[in-house]
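Here is a briefing on a protein complex. Look over the sequence and the structure, then read the points below.

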Amino acid sequence: MITLNVNNSAHQVSAEPDMPLLWVLRDLLNLTGTKFGCGVAQCGACTVHLNGEAVRSCITPVSRAENQQVVTIEGLSKDTTHPLQQAWMAHDVPQCGYCQSGQIMSAAVLLRQNPDPTDEDIDLAMSGNICRCGTYPRIRKAIKDAAKIQKQKSNA
Amino acid sequence: MTQNLVSRRNFLKNAAILSSGLIVPFTALKAGKRVQDDPFTSFAPNAFLNIKPDNTIEIILAHVEMGQGVWTTLPMLVAEELDCDWKDIAVAHCPPNPAYNHTAMPLIITGGSTSTWSEFERYRKAGATARILLTQAAAAKMGVSVASCKTENSCVISGDKKLSYGEVAAAAAQLPAPKEVPLRAPNQWKYIGKGVKRLDTTAKVNGSAKFGLDVQYPGMLTAVVAHVPVFEGKVKSFDASKALKVPGVRKVVQVPRGVAVIADHFWAAKKGRDALVVTWDRGMGASLSTPDQTQRYRQQALKDGLQAAKKGDAKASLAKAAQTVEAEFVFPYLAHAPMEPMNCTVRITGNKCEIWTGTQMPALDQAAAAKILGFKREDVTLNTPFLGGAFGRRATPDSDFVSEAVEIAKASKEFIKLVWTREDDMKGGYYRPFFIHKIKVGLGSDGMPVAWHHNLVGQSIMERASKIFGGGGGGQEKKADDTSVEGVNNSPYLTNIPDHFVGLHSPKEVMPVLWYRSVGNTHTAYAMEVMIDALAHTAKQDPLEYRRKLLKGHPRHLAALNLAAEKAGWKKNLAPGHFQGIAVHEAFKSYVAQVVEISMVEGKPKVHKVTCAIDCGLAVNPDGVVAQMESGIVWGLTMALYSEVTLAKGEVQQNNFYDYPVLRIHETPVIDVHIADSREEMGGAGEPCVPPTAPALANAIFEATGKRIYQLPIMHHFNKA
């Protein structure tokens, strides 16, 4: 049994240590918001936070998450009120929506580390996340808006 | 899938039959009951609306949400007439019932960029019918005249009396359908042409949106398949002993295209597949390789193919022309590569089957499953979650991944979810066909074309599709497949060229081909618009002015072209080292022009800006149209710069996004979209945005470098340097 903390609750899973965190989340814990896109850390759809860092869960063995803190899209906010989620809604970013959990989880780490990102900062932080619907122009705008929302929240 | 399919099969006549006799049922018995229960064989009443006692306005979509925004646009049409509260709306995909057949094709289908225009009347009428009946029911209950009633925010109001739609839904359901269903005039519209927020966004930003791959049930197992590496090859033998020793692996079964490993979860199934030992009979396809195919098609392109368009005598006119320009274009096979890999969940219980899958043609998939199982169609239930991208890939006429999942469930007697890996998806078939165009154009002394001779070589999509759809195409009737030549045979440029010929060769290959976002226009727009640009340069004329002269008599092309050029500031105030290219193309009844601005950075093209103008007639959801233009431009840049599927010994050589790259955010230009103020015939949005991007980019590269790109993808021409 492997113990890990996902979205602030402890879980024990029966998994081989090399089983990727992605499949533990999806197939064992039924947290399907984290997506399978490539399986080789090329597309970013599986991005989650491991101790606050963005990781590609498709190549992260569950053993690495043992007794660590994992946050998935389901745990980013209780009621879809994270600044990124609000900005994503304001700009109608998603189309098919499949990659968006990963996009938002990558952006969340960017915003925490860099509260005022430029276009270049966004390009750098987000280039690991593929969107086949081409929502990139709106992602750029939404991240900048989310930065503003985040500032307003911290000033409030 | 395409407009051509519609016209070819003359399906439009069905539109009138299907959209008349509209009845909106009000299911007030209990929440959740839907026409799903109706037998497939009956002509079920139209069923686009389900108003529940709790005031929920359930709108049932005859088209699936795959990113293009129908989850919002079709409810806008209903709401425009129904006067419901936008917050009361709940949306669902339809079951595979003929009540939801396309208004212009006799099947349920999402494709061909048709969803908005084809439903413009049906969904508004569904809303208007409901409002009439609700008003009648409420007036009777309140004891007032219908004329004294008005409707707003899901309520019928007369003076100080008021009843909610939910309160009168049951009574309204008893009323006969109104004979006349007048629709509101455009000056009364509150939603159409205005902005609303998408209805699917919340679920898509908090992880709750369910896609096919997210289907999870207790007792459900996961299946991963080792596929034959060559199309139409077979399993010779296999040894499952090692696979069965992998913890979590339950069963291994043979299916038509390979060997399936069934396990408790994906990871075990995948490890089981890695441990399988399979010997393949690769079959005839093993001789196919891209260099050989290219040579073969090149030779074929020298001969005239099946006539697709003809006027005058192109060859005689070419012989007399002041100048001739020749070009050969080569287009690779392309994989759709939607973000969600193919998948399908199947549960067989006795003589019933339930399926969950993201599909663009649910009734065909239902029928395919029924056939494999020997069940009646109505005994196969099919649920359609959100589609994680489709782009044509989830509209396979032979239901490839659904059939595979059903075969696995049948052979294993297990409740399974078939999951394709990205590699399975890349290598699993259904590509935009490989094409070669050979073009020779004669110019008059004024530099304008007088003769155009054009042969295309590429597999027919309809050859395979027509076996299921019936009807023609694909050389079976000695008629050129429109999906191969659309964009050339109906090119506005050709109509003004006195002598022209378009011929098509449709060779047969084992590679399965399919419609890929904008279908034939993916290559025809490139060949035409790059050729026109080359002619303009040969004639020493500005490419924009040259097009303007050639497009006389084509006002919608011209309007889009002029709007894009104006908004882009065509060749005005360009930054040093920046260059522009332009292209215009009509596809799926919409006219799109784009100006691409680039510079050369470290010897490679960098795209800075794409300015786009579209005339799609009335834009029902303008921001949705803008989103589709952005989407199509990113798609078009990916296709032009990077996309290529190649073959060696019959095997697809690409694997995943590392060798089939797609555009990333740092490569994405500024995109500036303008919608022409137009009340012309409505067209599509999801596909027409794609065709102009690649040629406009190539034309910009010519401006920057003097290099014409005749073979895609573009990056091959710069990686070697």
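What is the mean pLDDT of chain B, and what share of its residues reach 70 or more? The mean is 92, and 92% of the residues of chain B reach 70 or more. The model is predicted, and the predictor gives the complex an ipTM of 0.98 and a pTM of 0.94.

**Confidence**

- One stretch of chain B needs caution: over residues 1-46 the pLDDT is below 50.
- In the model, residues 1-46 of chain B still have 90 contacts beyond near neighbours in sequence.

**Chain A: overall build**

- Chain A holds five helices and five strands.
- Read from the N terminus, the order of elements in chain A is β-β-α-β-β-β-α-α-α-α.
- Chain A has a radius of gyration of 15 Å, close to the 15 Å that the globule rule gives for 156 residues, so chain A is as compact as a globular protein of that length.
- Along the principal axes, the C-alpha atoms of chain A fill a box of roughly 45 × 35 × 25 Å.
- Buried residues make up 56% of the 156 in chain A.
- Among contacts in chain A with a separation of 6 or more, 62% link residues 24 or more positions apart.

**Where the chains meet**

- The interface brings 48 residues of chain B into contact with 44 residues of chain A.
- On the chain B side, helix H6 (201-205), helix H8 (266-275) and helix H20 (622-641) each supply at least two residues.
- H20(B) gives the most to this side, with seven residues.
- By class, the side of chain B that touches chain A has 22 nonpolar, 16 polar and 10 charged residues.

**Strand E7 of chain B: an enclosed strand**

- Strand E7 covers residues 221-227 of chain B. Seven of its seven residues are buried, so E7(B) is largely enclosed by the rest of the structure.
- In a regular strand, side chains alternate between the two faces of the sheet.
- On one side of E7(B), B:Leu221, B:Ala223, B:Val225 and B:His227 are buried.
- Strand pairing in a sheet uses backbone hydrogen bonds, and is either parallel or antiparallel.
- E7(B) runs parallel to strand E17 (residues 416-419) of chain B, joined by three bridges. Here B:Ala223 has B:Leu418 as its bridge partner.
- E7(B) runs antiparallel to strand E10 (residues 258-263) of chain B, joined by six bridges. In this pair, B:Val224 is the bridge partner of B:Val261.

**The four-stranded sheet of chain B**

- Four strands of chain B form an open sheet in the order E21-E22-E23-E26, with mixed pairing.
- Strand E21 (579-587) and strand E26 (670-675) are the edge strands, and each pairs on one side only.
- Neighbouring strands of this sheet are turned by 20° against each other on average, direction ignored.
- Nine bridges hold E21(B) to strand E22 (residues 590-601), and the two run antiparallel. Within this pair, B:Ala583 stands opposite B:Gln594.
- H20(B) packs on the sheet, touching strand E23 (604-615) and E26 of chain B. The direction of H20(B) makes about 135° with that of E26(B).

Notes: Residues numbered from 1 in each chain as written. Chains lettered and ligands numbered in written order. Predicted model: local features only at pLDDT ≥ 70, side-chain atom pairs only at ≥ 80, totals over all residues. Buried ≥ 20, exposed ≤ 12 C-beta atoms within 10 Å, placed from the backbone. Pairing = 2+ DSSP bridges. Contact = placed C-beta atoms within 7 Å. Nonpolar A, V, L, I, M, F, W, Y, C, P; charged D, E, K, R; others polar. Axes fitted to C-alpha atoms, helices over the stretch in contact; angles between N-to-C directions. Rg over C-alpha atoms; globule rule 2.2 N^0.38 Å. pLDDT = per-residue confidence, 0-100.
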